[in-house]
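Please open the structure in your viewer and keep the selection tool at hand.

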Amino acid sequence: MDVSFAITGKGYVILAADTTAAHSIIKVKLDEDKIKELSPHLLMAYSGEPGDTVQFAEYVERNIRLYQIRNLYPLRPSSAASWIRRSLADSLRSRKPYSVNLLLGGYDTTTHTPHLYWMDYLGTLVDVPFAAHGYGSYFALSLLDRYHDPEAPLEEGLAVLKRCIDEVTKRLVVAQPKYKVKVVDKDGVREVEL
Amino acid sequence: MLILVRSIQGRTTIFSPEGRLYQIEYAMEAISHAGTVLGVLAKDGIVLAAEKKVTGKLLDLSGAKEGGYGGSGEKIFLLNSNVIGGVAGITADANSLVNYARTAAQKHLFLYNEDIPVELLAQRLCDLKQGYTQYGGLRPFGVSLLYAGYDPHYEFQLYHSDPSGNYSGWKATCIGANNGTAQSLLKQEYKDDISIDDAIGLVLRVMSKTMDSTTLGSEKLEFATLTLDPTTKQPKAKVYRPAEVDALLQKQGLGKKDEDTEMKTS
């Protein structure tokens, strides 16, 4: 049910996630924020088993923040991704694994490049130019294959993202009306309206 | 009264009546008799040099000629691909700390898939050393270390840590015997934008003035540099092998003169 997308562009990463929290056939909340800000230049969209998701996402957020406070600088996106992947891999090999899928978008301030990582509950980690989780991915990935431009400015990136959202809204049976969209670039993290 | 003071001094976890930790001070005293280690930070790299105290004709140094990563000597060690460590003090304690540092660096690599930031490695060792001054009733490590390393955040860095578990960052510093003399020489001659070649020259000049022997040679000198590979932008740690040390000294004009070797063979 959870839908999330992410795309990279020239110096930015856009993350979008639906805002519905559902319990059985009822939408319990319509403005749920499923994208956590882990650090000044790192965003994480989560989806999966309710309960597990927030528990794991908060665990990650607090540990990333702890690293940043203890040491003078925050973790780079690639290192944060490795740490999160290690946590998921260890969780998988425990009595009850976390069933959480993630999209991690960040801006590396040392190399001045944006990075996007697709992660699943098995501890799979891939560095990708665009990604999606959930049923929405069946529609989004083909569209992004066709329309994604890694050098596109932010406005174009948002337009491509809107295409994906519109397609999912049109064709998915359990489509979500509203999405939360956040951008991370050299200036940090901010929310945008599509 | 004297007996009471002595028994208090015996425990490392105890303050003296004047508020001092004697065991730590005694550890630093041990280090002041050890071979000098000198480090200089240049704008494009770092240079480490050390005086070996364990020398002699019967010493088997055949292992040092090839060496895995050129990683382990008596004074200078490769701690990780981006950090070289120089030690001064009790050799056995130093080996234990070097092993701990290497393990800590790999643990970081395992979790974060990145080279451990230099300051973080120094902190890990210092946390260990501090623990030995407060818990367990064990004596502190009688070792001071110099950490020469590179990371993407702060680029080239040089740190010094002592038995108390304190550390600080330096542009140029010295530990072990004659460190006062060496430190003043460095203070006079160091320039902020020094290049690595000038730093090598500076280090070798200061070493020749502070070392016991009259001429420098690979039997008494260990040498290492840390630079950045211009194409891959990755740190390049080079712990010089004995033959390379001699070649460098020849190039700098500080090596043994030909007359000396002639006299030896005749």
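Is B:R20 buried, partly exposed or exposed? With a relative accessible area of 37%, B:R20 is partly exposed; buried means under 20% relative accessible area, exposed over 50%, and partly exposed in between (1.4 Å probe, protein chains only).

Before going further, note that this is a predicted model, in which local features need pLDDT of at least 70, side-chain atom pairs count only at pLDDT 80 or more, and totals for chains, interfaces and linings use all residues. Residues are numbered from 1 along each chain as its sequence is written, chains are lettered from A and ligands numbered from 1 in the order in which they are written, and side-chain values use heavy atoms, with hydrogens and water left out.

**Salt bridges**

The term denotes a side-chain nitrogen of Lys or Arg within 4 Å of a carboxyl oxygen of Asp or Glu. B:E25 has 31% relative accessibility and therefore counts as partly exposed.

Next, select B:R205 and B:E189, whose side chains form a salt bridge at 2.9 Å, N to O. B:R205 belongs to helix α7 of chain B and B:E189 to helix α6 (residues 179-189) of chain B, so this pair ties together parts that are 16 residues apart in sequence. Helices (H or I, at least four residues) and strands (E, at least two) are DSSP runs, numbered from the N terminus. B:R205 is partly exposed at 36% relative accessibility, and B:E189 is partly exposed at 29%.

Moving to chain A, select A:E58, A:E61, A:R62 and A:R65, which are joined into one network by salt bridges that share partners. Over all chains, the count is 20 salt bridges.

**The nonpolar cores**

Now select B:V40, B:I84, B:V203, B:L204, B:L221 and B:F223, the residues with the most contacts inside the largest nonpolar core, which has 48 residues. Such a core is a set of buried Ala, Val, Leu, Ile, Met, Phe, Trp, Tyr and Cys residues joined through side-chain atoms within 4.5 Å. Helix α7 (residues 196-210) of chain B supplies the largest share of this core, eight residues. Apart from this core lies another, of 42 residues, among them A:Y67 and B:V87.

**A strand residue**

Finally, select A:V28 in strand β4 (residues 26-29) of chain A. A:V28 is exposed, with a relative accessible area of 59%.
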